[in-house]
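Dear colleague,

Please find below the structure that I am handing over to you. My notes on it follow directly after it.

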Amino acid sequence: MANSFGTMATAPSSHGAKNTSNPTRPTGNGNVVKRLQSELMTLMTSPTPGLSAFPSNTDITKWNATVTGPTDTPYADLTFKLTLAYPSNYPYAPPEVLFKTPVYHPNVDMSGRICLDILKPGGQGKEGAWSAVLNTSSVLLSIQSLLGEPNNASPLNGEAALLWDRDQAEYKKKVLARHQEPAEMEENGLSTGF
Amino acid sequence: MAATAFRTHHLSRQDRIIASVFPPPNFTTPTPETTPNIGLLASPGRPFGGFNVTLPVVDDAIRFNRAWSTVTRFLSLPIHGAFEKERQHVSPDIEDAMSQLCQHPRVRDDLLAWYANETGVHFSKYVLPKLSSWELPVPRSEAHSLLAKTIGLLGEAQEYYLREPSALLEKTSDPSRDAAYQDFQIRTIEGLHVRVRQSLPLPRLQDTMASLFYQQMKDSLRENGNPELCLNRKECQCSLDVELLLLVQLHETGLGGALGERAFAQAVHSILKKAAIERRCFQVDWSEQTTVMPMLRSWIETYVTPFVNRSLAALTGNCAPKMSEMDAARFASIAVANLGRRRTAAIFDYVKSWPASTSAFLDIQEYLACMPHDKVHVCDSFIKQAKTRLLHAGASTTEILSIYANVIHSFRLLDARGVLLEKVAHPLRSYLRGRDDTVAIIAASFLADVGPDGHLINADSEEVCADISNEVANSALNAMDNEHKTLRYDDMNWVPDPIDAGPDFKASKSEDVLAYVLGLFDPEDFIKEVTTVLAQHLLQASDPEYVKEIRLVELFKSRLDATKLQAAEVMLKDVHDSVNLNKRINPAKGAHTEPPTPREIQAGIPDEGTTLQSLYTRYQGRIKPAQFHAALKLVAIKRQDLYFAKRTRLPPETPRTPIPAATTSNDRLDFRVQVLSSFFWPQMRANDFALPPDFQEREQGFRQAFARLRNQRKLHFRHALARVDMKLELEDRTIEEKDVPVWRASVINALAAPDWEADHDDSSETTAERLMSHLEMDEELVLDALAFWAAERIIYQPLPNSGHYAILERLDMDVPTPHPTSTHPTESQQRHKSQQHQDATAGPAMLSSALITSQTSLLHDNAPMFQAFIANMLRNGAAKEVGGMMGITGMLRMVLPAFTFGEAETAWLLEGMEGRGEVRRSGEAWSVV
């Protein structure tokens with residue numbers, strides 16, 4: 001009885017399966033829904049500072065996330081919006097993660113795509129490092145640390161990679177010039193999520 | 001010439017067009033006698049001319065003209081007077097002329113047409129104006145007189161018009177002419193009748209006649225009827241009648257025939273529709289519960305059909321207008337259908353008064369057998385009536401449920417295969433599903449106690465549906481056994497699937513009320529709710545055998561998915577085990593000197609079985625071995641030298657005098673523990689607090705004994721669920737309280753033994769705060785206990801409204817206080833004041849009985865987590881409204897199945913967050929700060 005709420009949180013697996021007939025329920029099999037519900041529960045009950053994520057609408061396979069830039073980096077105190085789309089075979093395939101906020105970063109391209117090993121399918125004969133033990137929280141954490149520690153060996157944005165090594169002050173200026181806070185984005189008519 | 005002039009004068013343009021193609025007959029008036037054939041002048045000389053001329057020379061044309069003239073003069077009617085032409089003498093001249101004219105059929109026709117015209121003109125001029133009342137609607141009261149007047153007038157006119165032709169007929173003796181004259185007469189009458197029917201407004205005439213017939217039939221029914229006699233004889237002998245003379249007259253004046261038949265049919269139809277079947281003879285048979293339909297059929301056969309035959313004979317002049325068998329049968333079926341429709345119009349009332357109204361449903365059943373297409377009508381009527389009378393907020397759920405049960409019974413009577421039931425039950429079911437409390441009421445009804453007379457014992461009629469409880473009490477556990485009906489080839493009651501069933505119809509396996517009630521909901525929801533109610537019931541049950549509960553769980557297992565009822569099974573096993581456990585851990589010392597009962601022996605057998613010897617040692621000295629063996633055989637089964645308890649119900653025993661609980665507070669504390677498997681029970685109150693001192697020790701002892709017996713398993717005590725029987729000895733009185741929640745005992749115990757307050761100044765008075773800190777008890781419980789004891793007049797406030805309490809040792813010490821609970825001065829209690837006020841009115845009982853954590857407290861307990869979800873949702877998404885499909889409530893329910901609350905609760909959570917500055921609202925939408 002002590003952790004009764006914990007049992008309630010895992011018990012809904014049957015609910016998840018049952019509710020697939022519900023019209024508002026998205027397509028996608030029960031296992032994904034179950035897994036995402038438990039991930040959400042973990043995120044909510046033990047939140048990581050600077051990270052947050054939540055399903056964007058009644059489709060539980062599409063989430064919006066918010067990441068705060070790490071301190072002591074050019075991205076400090078900036079808020080970044082991301083979207084996560086989970087494939088139907090999640091967690092055996094990685095979620096598709098995109099920056100919605102414009103980011104000036106060596107490993108992020110103009111349309112927000114991210115070059116990060118754990119976001120690519122892993123396994124034998126594949127270059128990616130995704131694994132089923134990773135989860136939404138760890139993905140967001142990796143992205144957050146990627147902001148402070150770019151991988152300049154394989155840049156998507158060559159100029160940023162060069163500038164990162166040469167001139168941090170100029171780099172920061174470029175970052176701030178590119179960045180838009182969520183409120184500004186909404187004013188500019190950009191979407192911050194799905 | 002006058003007639004033609006008269007006619008042409010009135011020709012309209014349209015008539016002129018028709019007249020140009022079909023020239024209208026041109027009738028002449030008879031040659032007046034003032035220009036008579038003067039014959040030949042008597043001439044003295046011989047006529048001039050040739051020889052041998054036959055004189056007088058009269059050719060055919062002249063002769064015809066003369067004859068025509070003579071006859072028409074004889075027959076013509078006066079233009080200026082109504083019926084005042086005196087009877088003319090029929091001279092031989094006329095006779096000759098007539099016989100001459102009648103020789104040629106063509107001429108006869110001409111003469112007939114001429115006479116028809118003559119009578120027509122006369123009729124429209126003198127008779128018709130007197131019938132002008134038909135121009136206006138006829139009031140029912142005047143129908144009879146007007147019809148009588150009309151008949152009289154028409155009869156007079158007819159007689160008048162036929163006077164001359166019949167005079168001719170009388171005169172003649174030649175049979176060939178006789179036939180011709182008769183033909184003339186008949187055709188004249190026919191022509192006159194046609195004219196009458198053309199000049200009167202037929203629909204009105206028909207309606208008037210119908211209403212007159214109806215009135216007469218109704219009156220005759222009332223006069224001839226003797227309902228008491230009919231009811232006693234079980235046969236209606238009320239006869240129908242109309243004035244036969246009237247019918248004959250109508251026929252004679254041309255108003256009978258098809259017109260009269262139609263009017264008569266209309267009247268019979270109306271009488272069968274209303275007056276005949278609304279009589280006392282055919283009322284619902286409430287006393288004998290039989291259908292009146294056979295009575296109705298035999299009445300139609302013996303009274304109505306002969307009456308119709310008789311009347312039609314008079315009305316058409318046809319002596320034996322035998323109705324065919326089929327027509328007679330149709331009368332019966334019309335009457336049955338009308339009676340059925342009448343019953344259907346009140347079907348909701350009949351459902352409501354089921355089973356007293358069985359006969360009404362038998363009637364409807366007969367009606368549907370006779371008119372299969374009216375099934376839809378019956379269903380629609382019921383649905384319509386139910387919608388206006390039942391399915392609204394004014395009807396309580398128990399009422400709807402009991403009507404639902406009645407619907408099931410009654411419509412199963414109408415149609416055993418349940419097609420109609422499916423149709424009518426659907427709106428009820430969907431409405432019931434929409435009510436929040438339905439599941440709870442059904443579950444409570446399953447567990448309610450029913451007395452032998454079918455009334456509920458100790459139950460709130462708002463929360464328990466007696467009908468369902470009765471059904472449960474009377475239902476068979478093995479209702480599902482005949483599941484494979486189609487496989488039984490010797491089933492004589494087998495029927496094919498009904499042809500009028502919907503596409504989703506499937507023959508239900510079990511067809512009693514319970515199946516339908518259980519089918520109302522998703523089994524999972526239902527089981528969840530039942531588990532909660534069962535848990536509460538088990539905790540409060542006084543029957544150590546749990547007979548009722550076992551039966552109920554078995555019932556559910558037979559009807560619902562047995563695997564889903566695991567929780568209920570475990571709960572039952574828990575309480576059973578607890579009984580045994582208590583016996584083993586706390587054997588009542590020295591209490592047993594009389595022989596043990598079989599039940600006691602059964603309870604003493606451990607689950608893992610035991611040998612006869614080891615079991616007997618416990619009862620040694622109380623029972624002889626042989627007796628013990630017999631008793632054991634009754635309650636246990638033997639497997640491989642070990643005895644196991646039978647899980648059967650035992651015959652009831654005479655209750656022993658109960659061991660007084662806690663007679664003297666210290667030595668003998670009757671302490672029983674229920675051990676529950678937490679996973680399978682619903683969440684329960686978890687408030688913890690200090691128990692009265694003796695309990696602590698006993699609890700500790702039990703804990704250790706349990707750990708020893710049950711493989712070191714740990715116990716977690718739920719003090720808030722415990723209940724005690726206690727006896728309070730005050731200075732002037734002794735009060736016994738049974739089944740009191742233990743927190744009240746703790747509070748009164750603390751108040752009674754205030755040694756812990758030695759450091760305070762006023763050792764005899766205590767405030768709620770001190771009790772809370774001393775007992776580590778929640779404020780809610782302390783206040784409840786104080787309110788309870790104050791209401792029982794065990795404690796009082798020495799200074800009114802001071803918030804200090806003391807034991808009221810003598811009743812005369814009491815100071816009248818306005819209200820024991822509404823007077824807490826401190827800040828923290830001010831906050832709870834409104835809430836408390838509710839507690840004081842409805843509170844104590846509610847709080848003490850609510851063992852299971854309520855939805856509200858579930859919400860309060862989990863509020864921080866729900867709020868974290870909301871905060872994250874709003875941070876990562878756009879501002880949202882509370883309601884709506886994509887609103888906060890909907891999203892929470894979707895991502896968090898544990899969130900089972902509504903929009904009001906979400907709003908409450910949001911307000912809490914708003915208070916902490918986490919969210920803000922703009923209009924309807926909420927967003928993070």
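Of the 194 residues of chain A, 32% count as buried. A residue is called buried if 20 or more other C-beta atoms lie within 10 Å of its own, exposed if 12 or fewer do, and partly exposed in between, with C-beta atoms placed from the backbone. Please keep in mind that this is a predicted model, in which local features need pLDDT of at least 70 and side-chain atom pairs count only at pLDDT 80 or more, while totals for chains, interfaces and linings use all residues. Residues are numbered from 1 along each chain as its sequence is written, and chains are lettered from A and ligands numbered from 1 in the order in which they are written.

Chain A as a whole

The secondary structure of chain A comes to 7 helices and 4 strands. These are DSSP runs numbered from the N terminus: helices are H or I with at least four residues, and strands are E with at least two. Along the sequence, the pattern reads α-α-α-β-β-β-β-α-α-α-α. Among the contacts in chain A with a separation of 6 or more, 55% are between residues 24 or more positions apart. Two residues are in contact if their C-beta atoms, placed from the backbone, lie within 7 Å.

Confidence in chain A

The predictor's confidence in each residue is given by pLDDT, from 0 to 100. Chain A has a mean pLDDT of 80, and 85% of its residues reach 70 or more.

The contact between the chains

Chain A contributes 25 residues to the contact and chain B contributes 20 residues. On the side of chain A that touches chain B, the elements giving two or more residues are α1 (4–10), α3 (30–45), β1 (51–55) and β2 (62–68). Of these, α1(A) gives the most, with 5 residues. That side of chain A divides into 12 nonpolar, 13 polar and no charged residues. Here Ala, Val, Leu, Ile, Met, Phe, Trp, Tyr, Cys and Pro count as nonpolar, Asp, Glu, Lys and Arg as charged, and the others, Gly among them, as polar.

An annotated residue and the loops of chain A

An unreviewed UniProt entry carries the annotation "active site" for C115(A). UniProt positions are given in the numbering used here, feature names are shortened, and annotations may be inferred rather than shown by experiment. C115(A) lies in the loop between β4 and α4 (136–148) of chain A. Because 18 other C-beta atoms lie within 10 Å, C115(A) is partly exposed. Leaving aside its neighbours within four places in sequence, C115(A) is in contact with N107(A), S154(A) and L156(A).

A cis peptide bond joins Y90(A) and P91(A), with omega about 5 degrees. P91(A) is in the loop between β3 (79–85) and β4 of chain A.

Two residues in the loop between β2 and β3 of chain A also deserve a look: D72(A) and D77(A). D72(A) has a positive phi of about 60 degrees although it is not a glycine, and D77(A), also not a glycine, has a positive phi of about 65 degrees. D72(A) is exposed, with 8 other C-beta atoms within 10 Å. D77(A) is exposed, with 10 other C-beta atoms within 10 Å.

Chain B

Helix α8 (residues 175–199) of chain B has 25 residues and should span 36 Å, which agrees with the 36 Å between its end C-alpha atoms. The expected span is 1.5 Å times one less than the number of residues. The buried residues in α8(B) are A180(B), Y181(B), F184(B), T188(B), L192(B) and V196(B). An α-helix has 3.6 residues a turn, so residues three or four places apart point the same way. The buried residues of α8(B) pack against α5 (105–127), α6 (140–161) and α7 (163–171) of chain B.

Strands β11 (residues 919–922) and β12 (residues 925–928) of chain B run antiparallel and are joined by 4 bridges. Two strands pair if DSSP finds at least two bridges between them. R921(B) stands opposite W926(B) in β12(B). β11(B) and β12(B) form a hairpin with 2 residues between them, and G923(B) in the turn has a positive phi of about 70 degrees.

Yours sincerely
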